Amino acid sequence: MANFKSQLKPGSSQLKVFSLLSDQKWHCRTCEGKQVASEQYAGGGGIQGLERGTKSRPGLHLETKRDFCNICNKKTRWDRWTGQIKPSNAPAIIPPKLADIILKLYDYKDVIENRKRPTHELVIDHRFPMQRWGKAEPSHDINMNENEIKRKFQLLKKDSAGNHNLLKSRSCERCMKTGKRGQPMGIRFWYSGGENWPDNIPPLGAEAEGGCIGCGWYDFESWRNALNATLAEHK
């Protein structure tokens, strides 16, 4: 624990969050978490960053649940560190030059609403969710070609009306825990396979990407095209 703590920046939100969770007990995000790290608690400056790790630091094995909080007087999200350390699965930073190429390739349109947006309302999303990587992502080749970009990334929206990247993350987390694949907008359709995670595909590592194929969150454009084709067949 002391070794892990020494790798966190003094005074940082991550250090404050880790200090809270280091007792390995359940903590309410609303009344405890936000007191120590405000809005940073659940994101990269807190829970997500600690769980994910970095290229130089491992991640933490954290558990999350919804439970009633006597202080908040309502059901809230709670977090607990199991005491276990896990290999980092941190994403590599996308170089500005490559980010610009990706945005231009997709014409600054988010794939779900198919709406052109300013850059600050778009998130470059990894199709293959980092929850299943099992290791840190290698550096990106800024010269990757169009096919490589389309295989690896899609654009999701993040504005005041909603965050599709966050919705995807929550869906992927549920899939990891339950083995039930995602249902964008609550629509029970998969363009390959079915609702259950395939028994012959491991949950972590490069091979796990095969289990994501067919889920709308993995490739929303392919999912939408397949759904439209299925609807057309039943007219």
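This is a predicted model: local features need pLDDT of at least 70, side-chain atom pairs count only at pLDDT 80 or more; totals for chains, interfaces and linings use all residues.

Student: What volume does the largest pocket have?

Tutor: About 1600 Å³. Its lining is made up of 48 residues, and Q48, R52, Q131, S169 and E173 sit nearest the centre.

Student: Which helix or strand gives the most to that lining?

Tutor: That's α7, with eight residues. The helix spans 164-178, and others that supply at least two residues each include α3 (29-37), α4 (47-52) and β2 (59-69). Strands β3 (74-86) and β6 (122-126) are also among those supplying at least two.

Student: How do the lining residues divide between nonpolar, polar and charged?

Tutor: For the largest pocket you get 18 nonpolar, 15 polar and 15 charged.

Student: OK, switching to packing. Which residues have the most contacts inside the largest nonpolar core?

Tutor: I112, F128 and W197, in a core of 18 residues. Helix α9 contributes the largest share of this core, three residues.

Student: What does I112 touch, leaving aside its neighbours within four places in sequence?

Tutor: I112 is in contact with L156, H164, M185, W217, F220 and R224.

Student: F220, then: buried or exposed?

Tutor: Buried, because its relative accessibility is 6% and the cut-off for buried is under 20%. You'll find F220 in helix α9, which covers residues 220-233.

Student: And which residues does F220 contact, again skipping neighbours within four places?

Tutor: V111, I112, Q154, P184 and M185. Take P184: F220 and P184 are 36 residues apart in sequence, with their C-alpha atoms 8.6 Å apart in space.

Student: What other core lies apart from the largest one?

Tutor: There's one of 14 residues, with L15, L60, L62 and W81 among them. L15 belongs to helix α2 (residues 13-21), where Q14, L15, V17, F18, L20 and L21 are buried.

Student: What covers those buried α2 residues?

Tutor: The cover includes α1 (2-6), β1 (27-28), α3, α4, β2 and β3. Of these, α3, α4, β2 and β3 each also supply at least two residues to the lining of the largest pocket.

Note on methods
Residues are numbered from 1 along each chain as its sequence is written. Side-chain values use heavy atoms; hydrogens and water are left out. On a 1 Å grid over the protein atoms alone, a cavity is a set of points where a 1.4 Å probe fits but cannot get out, and a pocket is an open set with protein on both sides within 12 Å along at least five of seven lines; lining residues have an atom within 4 Å of a point. Grid points are joined across faces, edges and corners, and a volume is the space filled by probe spheres set on the points. Helices (H or I, at least four residues) and strands (E, at least two) are DSSP runs, numbered from the N terminus. Ala, Val, Leu, Ile, Met, Phe, Trp, Tyr, Cys and Pro count as nonpolar, Asp, Glu, Lys and Arg as charged, and the others, Gly among them, as polar. Buried means under 20% relative accessible area, exposed over 50%, partly exposed in between (1.4 Å probe, protein chains only). Contact means heavy atoms within 4.5 Å. A nonpolar core is a set of buried Ala, Val, Leu, Ile, Met, Phe, Trp, Tyr and Cys residues joined through side-chain atoms within 4.5 Å.
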